[in-house]
Amino acid sequence: MAELRFTKDHEWIRVADGDVYEIGISDYAQSQLGDVVFVDLPEIGKQIAKGGQAAVVESVKAASDVYSPVGGTVVGVNDALTADPGLVNREPTGAGWFFKLKTGDTAQFTELMDEAAYADYVKGLG
Amino acid sequence: MSDDSDLKFTPLDALHRSLGAKMVPFAGYAMPVQYPAGILTEHLHTRSAAGLFDVSHMGQALLLGPDAATALETLVPGDLQVLKEGATRYTQLTDDNGGILDDLMATKRSDGLYLVVNAACKDADFARIEAKIGSRAKLQRLDDRALLALQGPKAAEVMARLAPDSVGQKFMTLRAGKIGAFDCWFTRSGYTGEDGYEISVPAAQAEAFTKLLLDQPEVKPIGLGARDSLRLEAGLCLYGHDIDTTTSPIEADLVWSISKRRRAEGGFPGAARVQKELADGPSRKRVGILPEGRAPAREGTEIVDSSGNKIGIVTSGGFGPTVNGPIAMGYVPASFAQPGTPVGLVVRGKTLPAKIAGMPFAPHRYFRG
């Protein structure tokens with residue numbers, strides 16, 4: 001698996017293929033949300049700015065926005081989440097990915113927290 | 001994180017924390033929203049076995065005196081005079097406009113009535129009762145008692161084991177007696193749609209009593225999150241959301257809680273509006289709503305007609321684990337209230353198709369004997 005990077009909003013991102021990135025939410029995020037029952041995914045072709053609202057994840061209790069760690073164009077979504085949103089809880093950084101984004105600015109990726117930095121960040125949240 | 005310093009704590013606070021509960025502020029109390037099992041598992045466990053809820057934040061009181069039932073009828077539309085000793089009624093405190101100040105349970109005792117009201121309203125409720133009828137009946141708050149709800153299809157088995165006196169007890173009746181070694185008052189009632197009991201116990205014994213119940217193999221602790229999804233599936237109103245001072249008991253589809261005598265006689269605050277709505281029909285009505293897709297429509301979601309005109313609002317909405325899909329309730333004009341009527345729900349700018357639905361969403365399984 002390619003290297004994961006993380007945002008302070010608890011999204012993860014990894015290189016899927018060249019300038020296409022795969023994006024989801026972290027294990028910490030899914031544990032805070034609880035049982036995920038619905039994911040509202042972006043439309044393919046949608047342009048999203050870095051930090052822009054990209055998807056909505058609904059747990060039994062509430063709806064939460066998911067932001068894009070980098071700016072770009074949506075080129076794929078994880079249709080498996082429609083039938084089985086619980087994948088987000090069971091495999092948050094694997095089969096529970098949300099969408100794929102093609103970006104012209106790959107440098108944005110390296111500015112994000114790596115796994116060790118994110119682990120420290122989460123620890124600091126108590 | 002929220003500051004806990006202004007919060008009140010139930011007698012079970014330490015136990016909740018030791019069980020790994022996630023505590024949240026609710027109605028001025030630190031309350032368990034969920035335990036490590038999670039809301040979905042807790043909900044399904046309550047529907048298949050037995051769930052134990054701490055509802056000690058709710059207000060308990062006695063209204064004492066031979067005139068208690070007659071006096072309280074001047075504040076609520078429920079029929080309290082008809083109650084035999086040990087019988088429980090669901091009713092509402094109404095205001096002069098026929099709006100709902102709170103909903104409550106009233107149980108007839110030999111010395112008066114036993115009342116259970118909502119946590120967020122309890123101080124105002126008890127102040128109103130004292131101010132309006134304090135000269136006719138004496139209100140005695142029971143702040144030294146905890147309240148637990150044991151709910152689910154296995155609740156009766158658990159009670160039969162610990163309290164042989166409970167066998168045969170019918171829905172909406174109270175008995176006083178021992179559960180294990182503990183002196184309790186228990187009504188066969190609850191707010192999940194399941195068979196079960198609400199159990200009042202002295203606060204000093206609440207933790208030991210709760211541990212006894214949790215030691216039973218069928219019983220697991222359940223938080224407020226699952227309490228909300230269970231009551232929504234059961235089609236039951238949450239005060240401050242589905243009912244409040246802007247809604248009348250008739251609009252809220254609570255006609256069943258007002259007897260023929262009280263409908264005819266009135267004699268409670270706002271009776272004129274209630275009687276007019278009974279005669280002419282209410283202009284709007286609380287209904288169930290089933291979204292057709294998988295997206296939940298939360299409280300505050302706009303309900304629209306086929307032309308996109310706003311016709312109402314969702315007052316409770318989310319995911320129903322037993323239904324295994326999104327469910328909601330809200331208010332629509334009477335002309336849209338028929339089950340099967342198509343409506344739209346505006347979720348994040350998109351209008352999603354939905355249908356008005358009969359409630360409950362999950363069948364009630366009360367024990368009527």
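Here is a walk through a predicted model with two chains, A and B, from overall shape to local detail.

Let's start with chain A. Its secondary structure amounts to five helices and nine strands. Read from the N terminus, the order of these elements is β-β-β-α-β-β-β-β-β-α-α-β-α-α. The C-alpha trace of chain A extends about 35 × 35 × 25 Å along its principal axes. Buried residues account for 40% of the 126 residues in chain A. If you take the contacts in chain A between residues at least 6 apart in sequence, 61% of them link residues at least 24 apart.

Chain B contains nine helices and 20 strands, and its C-alpha atoms occupy a box of roughly 60 × 50 × 45 Å along the principal axes. With 369 residues, a compact globule would come out near 21 Å in radius of gyration, and chain B, at 20 Å, agrees. Of those 369 residues, 49% are buried. Among contacts in chain B with a separation of 6 or more, 67% are between residues 24 or more positions apart.

Now bring the two chains together. On the side of chain A that touches chain B, strand 4 (36-40) and strand 6 (53-59) of chain A each supply at least two residues. Strand 4 of chain A gives the most to that side, with three residues. Sorted by class, the side of chain A that touches chain B holds five nonpolar, two polar and four charged residues.

Helix 4 of chain B covers residues 122-133, twelve residues in total. From first C-alpha to last, helix 4 of chain B reaches 16 Å, close to the 16 Å expected at 1.5 Å a residue. Which residues of this helix are buried? They are Lys122(B), Asp125(B), Ile129(B) and Ile133(B). Viewed down the axis of helix 4 of chain B, these buried residues fall within an arc of 65°, so they line one face of the helix. The spacing makes sense in general terms: an α-helix has 3.6 residues a turn, so residues three or four places apart point the same way. On the other side of helix 4 of chain B, Ala127(B) and Ala131(B) are exposed. The cover over the buried residues of helix 4 of chain B includes helix 3 (68-72) of chain B, along with strand 5 (59-64), strand 6 (88-94), strand 7 (100-109), strand 8 (112-117) and strand 9 (138-141) of chain B.

Strand 16 (residues 302-304) of chain B runs antiparallel to strand 19 of chain B, joined to it by three bridges. Here Glu302(B) stands opposite Val346(B) of strand 19. Strand 19 of chain B also pairs with strand 20 (residues 350-357) of chain B, in the antiparallel sense and over six bridges. Val343(B) has Ala354(B) in strand 20 of chain B as its bridge partner. Strands 19 and 20 of chain B form a hairpin with two residues between them, and in the turn Arg348(B) has a positive phi of about 50°.

Our last stop is Ala334(B), in the loop between strand 18 (325-333) and strand 19 of chain B. Is Ala334(B) buried or partly exposed? Ala334(B) has 15 C-beta neighbours inside 10 Å, so it counts as partly exposed. Ala334(B) and Gly281(B) are 53 residues apart in sequence, yet 8.0 Å apart in space from C-alpha to C-alpha. Setting aside neighbours within four places in sequence, the contacts of Ala334(B) are Gly281(B), Pro282(B), Ser283(B), Arg284(B) and Lys285(B).

How values were computed
Residues are numbered from 1 along each chain as its sequence is written. Chains are lettered from A and ligands numbered from 1 in the order in which they are written. This is a predicted model: local features need pLDDT of at least 70, side-chain atom pairs count only at pLDDT 80 or more; totals for chains, interfaces and linings use all residues. Two residues are in contact if their C-beta atoms, placed from the backbone, lie within 7 Å. Helices (H or I, at least four residues) and strands (E, at least two) are DSSP runs, numbered from the N terminus. Ala, Val, Leu, Ile, Met, Phe, Trp, Tyr, Cys and Pro count as nonpolar, Asp, Glu, Lys and Arg as charged, and the others, Gly among them, as polar. The expected span of a helix is 1.5 Å times one less than its number of residues. A residue is buried if 20 or more other C-beta atoms lie within 10 Å of its own, exposed if 12 or fewer, and partly exposed in between; C-beta atoms are placed from the backbone. The arc is that of the directions from the helix axis to the C-beta atoms. Two strands pair if DSSP finds at least two bridges between them. The radius of gyration is taken over C-alpha atoms; the globule rule is 2.2 Å times the number of residues to the power 0.38.
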